[in-house]
Amino acid sequence: MHCRNARGTVITVDMNASVVRMSSFLRAPMTTAMNEILFTKSNGIGHVEFNRPASRNALTFDMYARLAEICRSAADDPSLRVLVISGAGGKAFAAGTDISLFRDFKGADSGLDYEHRMARHLGDIDACPLPLIAAISGACTGGGAAVAACCDLRIASADMKFGFPIARTLGNCLSAANLAKLSALIGPARVTDLIFTSRLMNAEEARSIGLVSEILPDHEAVVARGFELARTLLGNAPITLRVTKEALRRIHRDGAAAQDEDLVRIAYGSADFREGLDAFLSKRPPRWTGH
């Protein structure tokens with residue numbers, strides 16, 4: 001089955017394999033990202049897997065773009081309700097942006113172009129209306145940590161290491177938008193500590209501050225638990241999850257001035273609300289439709 005989105009991108013869906021493959025007339029290099037990011041769908045759950053294990057899943061520009069495209073398209077895909085994101089190989093979720101890509105940078109303007117591009121991609125990930133579950137094992141650093149911060153639920157293997165060691169590697173910086181997102185998630189003092197010292201936070205510390213909700217023994221266990229969580233979310237009202245996610249996003253952006261009337265109307269005006277009420281009063285499980 002083929003369709004074209006507003007960006008001129010052709011989406012090919014292999015219904016037998018439940019694998020989405022994308023080719024772009026505008027950006028041929030995205031073909032490479034098709035192999036470096038694996039995307040499968042099954043029973044309402046999408047699985048995004050960073051697939052550069054030999055490079056500890058270091059992210060290329062096209063991988064960021066591919067992930068952003070998946071998150072944008074998810075809103076209009078009725079076969080998807082939840083996305084699980086993980087890294088292949090068990091050694092890393094994603095060990096930042098591939099450093100070799102910075103060799104062509106010419107100076108300040110290259111840095112600004114990069115940060116603007118990252119802002120667009122991370123913005124698309126953050127704005128995905130579906131719940132995003134990060135199943136993190138091993139290194140989750142730099143851009144990988146920024147992607148994980150955009151997710152709604154994060155679980156970790158016991159060997160997870162989270163941080164932004166840029167002060168001892170490249171000597172670059174995080175954008176103000178990234179710093180704001182991280183500060184809202186773990187607090188400005190801890191963000192300062194991580195960046196100034198370049199240390200990596202372990203799984204136990206991450207759980208103690210609420211960055212991750214669970215610790216699993218290893219890579220296989222954390223991915224399996226990610227899918228278990230996804231199946232739990234499939235049983236809950238999708239509109240409740242979507243409007244809650246959007247309300248939290250607005251609160252982060254607008255603070256006390258965040259508006260919610262449209263979201264309240266969506267929830268209380270939905271067929272799912274009437275179904276939930278009827279199911280509760282009838283003492284039966286609700287049949288959510290997302291409408």
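This is a short tour of selected residues in a predicted model, stop by stop.

Residues are numbered from 1 along each chain as its sequence is written, and side-chain values use heavy atoms, with hydrogens and water left out. In this predicted model, local features need pLDDT of at least 70 and side-chain atom pairs count only at pLDDT 80 or more, while totals for chains, interfaces and linings use all residues.

**Stop 1: two asparagines**

Select Asn 43, in the loop between β4 (37-42) and β5 (44-50). Strands are DSSP runs of E with at least two residues, helices are runs of H or I with at least four, and both are numbered from the N terminus. The phi angle of Asn 43 is near 55 degrees, a positive value in a residue other than glycine. Asn 43 is exposed, because its relative accessibility is 70%. Exposed means over 50% relative accessible area, buried means under 20%, and partly exposed is in between (1.4 Å probe, protein chains only).

Now select Asn 57, which sits in the loop between β5 and α2 (61-74). Phi of Asn 57 is also positive, near 55 degrees. Is Asn 57 buried or exposed? With 0% relative accessibility, Asn 57 counts as buried.

**Stop 2: a salt bridge between Arg 52 and Glu 36**

Show the side chains of Arg 52 and Glu 36, which meet in a salt bridge with 3.7 Å from N to O. The pair links distant parts of the chain: Arg 52 is in the loop between β5 and α2, and Glu 36 is in helix α1 (residues 30-36), 16 residues apart. A salt bridge here is a side-chain nitrogen of Lys or Arg within 4 Å of a carboxyl oxygen of Asp or Glu. Side chains of opposite charge can pair when their charged atoms come close. Arg 52 and Glu 36 are both buried. By the salt-bridge rule, the count comes to 20.

**Stop 3: aromatic rings**

Next, colour the aromatic side chains; the count comes to seven aromatic pairs. Rings of Phe, Tyr and Trp (its six-membered ring) pair if their centres lie within 6.5 Å; planes under 30 degrees apart count as stacked, over 60 as edge-to-face and the rest as tilted.

Select Phe 162 and Phe 164. Their ring centres are 5.9 Å apart and their planes stand at 90 degrees, so this pair is edge-to-face. Phe 162 is buried at 1% relative accessibility, and Phe 164 is buried at 3%.

Then select Phe 61, Phe 102, Phe 105 and Tyr 114, which ring pairs link into a cluster.

**Stop 4**

Go to Ser 198, in the loop between α6 (188-197) and β12 (201-202). Ser 198 has a relative accessible area of 4%, so it is buried. What lies 3.3 Å from a polar atom of the side chain of Ser 198? It is the backbone nitrogen of Arg 168.

Arg 199 forms a salt bridge with Asp 193, their closest N and O atoms being 2.8 Å apart. Both residues are partly exposed: Arg 199 has a relative accessible area of 27%, and Asp 193 has 26%.

**Stop 5**

Select Glu 261 and Arg 265, whose side chains meet in a salt bridge at 3.4 Å, N to O. Salt bridges that share partners also join Arg 190, Asp 193, Arg 199 and Glu 205 into one network. Glu 261 and Arg 265 both lie in helix α10 (residues 261-268), four residues apart, about one turn of the helix. Both Glu 261 and Arg 265 are exposed.

Finish at Phe 273, in helix α11 (residues 271-282). Phe 273 counts as partly exposed, because its relative accessibility is 33%. Tyr 268 is exposed, at 58% relative accessibility. Together, Val 264, Tyr 268 and Phe 273 make a nonpolar surface patch of about 300 Å². Patches are made of residues with over 30% relative accessible area and no salt bridge: like charges are joined within 9 Å, and nonpolar side chains (Val, Leu, Ile, Met, Phe, Trp, Tyr) within 5 Å. Accessible areas come from the Shrake-Rupley method with a 1.4 Å probe; for residues, only the protein chains shown count as cover.

Notes
Polar contact = N/O pair within 3.5 Å; in protein donor to acceptor, adjacent residues only side chain to side chain.
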